[in-house]
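User: I would like to learn how to read the features of a structure like this one, step by step. Could we begin with how its elements are defined?

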Protein chains: 2
Amino acid sequence: MALNARPAGARTRGTGGPTLAVVGATGAVGAVLIDLLSTRRDVYGEIRLVASPRSAGRTLALRGADVEVAPLAPEVFDGVDIAVFGVPDAVAARWVPVATGRGAVAVDNSGAFRMAPDVPLVVPEVNPERVRRRPRGIVASPSCTTLSMIMVIGALHRRYGLRELVVSSYQAASGVGLEGVDTLYEQMEKVGGDRALGNRAGDLRCAVGEFGPFPAPLAMNVVPWAGEVRDGGWSSEELKIREESRKVLGLRDLRVTATCVRVPVVTAHSLSVHAVFEDRVDQREAQAVLAGSPGVVLCDNPETQEFPTPADVVGTDPAWVGRVRRSLDDPKALDLFLCGDNLRNGAALNTAQIAELVAAELTP
Amino acid sequence: MALNARPAGARTRGTGGPTLAVVGATGAVGAVLIDLLSTRRDVYGEIRLVASPRSAGRTLALRGADVEVAPLAPEVFDGVDIAVFGVPDAVAARWVPVATGRGAVAVDNSGAFRMAPDVPLVVPEVNPERVRRRPRGIVASPSCTTLSMIMVIGALHRRYGLRELVVSSYQAASGVGLEGVDTLYEQMEKVGGDRALGNRAGDLRCAVGEFGPFPAPLAMNVVPWAGEVRDGGWSSEELKIREESRKVLGLRDLRVTATCVRVPVVTAHSLSVHAVFEDRVDQREAQAVLAGSPGVVLCDNPETQEFPTPADVVGTDPAWVGRVRRSLDDPKALDLFLCGDNLRNGAALNTAQIAELVAAELTP
């Protein structure tokens with residue numbers, strides 16, 4: 001433990017703001033959450049950092065001080081007003097009810113409660129009013145893939161009325177957590193710039209060794225799979241995009257189809273989206289709508305080779321969109337390409353913003 | 001020159017088959033063409049290897065012998081029956097007419113003549129009959145991105161009647177030739193498995209140095225651009241997919257929209273395709289149609305994590321397809337993911353097959 005670390009669970013500030021617990025503080029999303037808590041406007045009193053007993057005891061820098069990570073246990077939620085969860089589904093399923101049972105509002109970044117009818121699924125730029133309707137005391141944040149897209153598409157929906165989405169993803173390794181990041185780096189190190197290797201499967205499979213959380217080598221490859229197997233050959237990640245888009249936009253019958261593909265990028269998901277609307281669309285107007293939308297940055301000038309790429313958006317807050325075109329054979333359809341930092345824009349930032357909406361309610 | 005090399009333009013065989021010239025023998029597509037000519041059924045008499053004066057004089061292995069590459073000049077086409085071109089558009093535009101002017105049938109892999117109304121655009125598995133209608137003596141082969149897709153979609157079109165395509169591509173570096181391959185390898189070598197680097201644009205841009213033929217770093221990134229700028233924010237590559245699909249399938253009003261994205265893969269293009277048909281589709285039947293189509297391999301079992309990836313298809317002849325699903329909100333639409341070796345399936349093989357169709361005509 002660092003010399004100046006405070007004991008686990010100690011109050012880090014004396015302000016009158018609500019007490020926050022960050023569960024999953026040592027994970028991929030947790031690291032970004034802690035960064036955001038140290039850099040955004042400080043609305044909290046005490047902040048407790050919590051992780052699995054395996055990761056607890058470590059000391060993390062938060063709001064300019066070192067804070068020791070407490071082990072996840074029921075008592076850690078005593079006196080907590082808001083508990084944000086950046087943990088796997090199974091951990092959230094077990095511990096979110098513990099937090100709400102002890103009086104905290106839970107803001108959950110996992111998939112455990114997203115589709116529950118009595119849990120609101122919130123993107124503050126799109127449907128902030130839903131935060132207040134939380135009969136179970138739980139507010140869910142969408143999956144990272146849906147999130148960047150819905151910020152962009154939500155803005156266009158308000159103007160043109162959304163009817164259909166056809167989505168293809170280019171998802172980063174960190175979407176499966178730190179294990180995905182480690183696996184990609186290890187594979188990248190092994191293949192390096194080895195020209196003799198090429199990218200033939202046999203050689204590549206031998207060279208990269210373990211596939212880690214991916215079903216095939218990811219370095220020098222793309223893998224058309226993310227999540228678990230569902231009926232009809234769909235992946236859980238593809239169904240999530242459909243279900244979550246419908247729920248956040250409040251469009252129960254929205255036609256959505258998605259193909260999710262993992263690419264050898266560490267962080268930042270990209271999506272190619274074909275969106276069909278009720279009204280006729282106009283390229284320049286759509287670009288203006290996007291440029292004026294909160295949380296969205298328009299980066300769109302092919303003449304000067306301006307378009308978002310994962311490398312450009314890593315570490316940034318907004319959803320970036322470019323390549324906005326009106327479909328040549330459908331005056332009611334737009335094609336576009338967007339990128340968002342899946343840990344930040346697609347997870348931690350949305351969770352932090354939801355928590356701030358709740359904090360504003362709780363603060364007199 | 002190797003000791004056993006034959007002088008430029010010498011006959012390499014004495015069979016009665018037609019004389020073939022391979023123009024662009026030292027390029028990325030040329031290398032695969034020469035491999036195919038050495039391994040497929042040998043239907044030619046003499047084969048001349050031709051390249052720019054800069055690359056001429058080199059010796060390449062062909063049909064078990066070493067052959068010297070002749071410099072591109074009008075006389076090289078004297079006595080040639082079939083000239084296959086694997087060269088950039090501008091070179092083809094200038095030299096294809098020289099070849100046909102000297103009596104050769106030109107099979108052109110470039111984009112120079114693809115959309116000319118009096119030049120057939122041929123995929124032997126889809127529209128072989130078009131080879132014979134060539135008023136200018138030119139037969140064109142589609143672009144690599146269109147080609148793998150059209151072999152898959154052509155089979156489904158015959159069964160269900162195609163109405164619309166929404167395409168997102170995952171295109172390999174070798175799609176822009178050897179310069180693209182070199183650039184990616186150099187960038188891969190520089191970034192290696194450097195965790196400190198991450199994939200933030202500033203660091204990545206510094207680390208990779210030159211972008212080569214790409215408008216942004218390609219290692220650890222995806223770049224939503226391929227080709228030149230066209231009206232409405234479209235890229236030439238995206239318009240090619242639309243125009244060539246319509247021409248090969250003979251569907252003048254087919255609705256097509258595409259977003260082309262470059263990925264850090266050396267060879268093999270992938271495409272995510274949403275295809276809407278006239279008739280209702282069935283997942284199992286569509287899989288059976290694809291499994292029974294010439295030039296197509298079905299690789300589709302999510303339960304056992306079977307789907308095509310670029311690494312699996314590099315160096316193979318067919319177009320590979322998997323992730324075949326019936327769209328959840330449209331009983332007339334299929335979603336699928338396909339991969340093809342862009343140099344082989346997407347270029348050299350189709351060119352070689354067209355040349356063989358012409359050779360069969362010319363051989364008594």
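Analyst: Helices (H or I, at least four residues) and strands (E, at least two) are DSSP runs, numbered from the N terminus. This is a predicted model, in which local features need pLDDT of at least 70, side-chain atom pairs count only at pLDDT 80 or more, and totals for chains, interfaces and linings use all residues. Residues are numbered from 1 along each chain as its sequence is written, chains are lettered from A and ligands numbered from 1 in the order in which they are written, and side-chain values use heavy atoms, with hydrogens and water left out.

User: Across which strands does helix α1 of chain B lie?

Analyst: Contact means heavy atoms within 4.5 Å, and axes are lines fitted to C-alpha atoms, for helices over the stretch in contact, with angles from 0 to 180 degrees between N-to-C directions. Helix α1 (residues 28-39) of chain B lies across β1, β2 (47-51) and β6 of that chain, at about 155 degrees to β1(B).

User: In what order do the six strands of the open sheet in chain B come?

Analyst: Two strands pair if DSSP finds at least two bridges between them. The order in chain B is β5-β2-β1-β6-β7-β8, with parallel pairing; β5 (70-71) and β8 (138-140) of chain B each have a single partner strand, so one side of each is left without a neighbour in the sheet. Four bridges join β1 (residues 20-23) to β6 (residues 82-85) in chain B, where Ala21(B) stands opposite Ala83(B).

User: How many residues of chain A are in contact with chain B?

Analyst: There are 76, meeting 76 residues of chain B.
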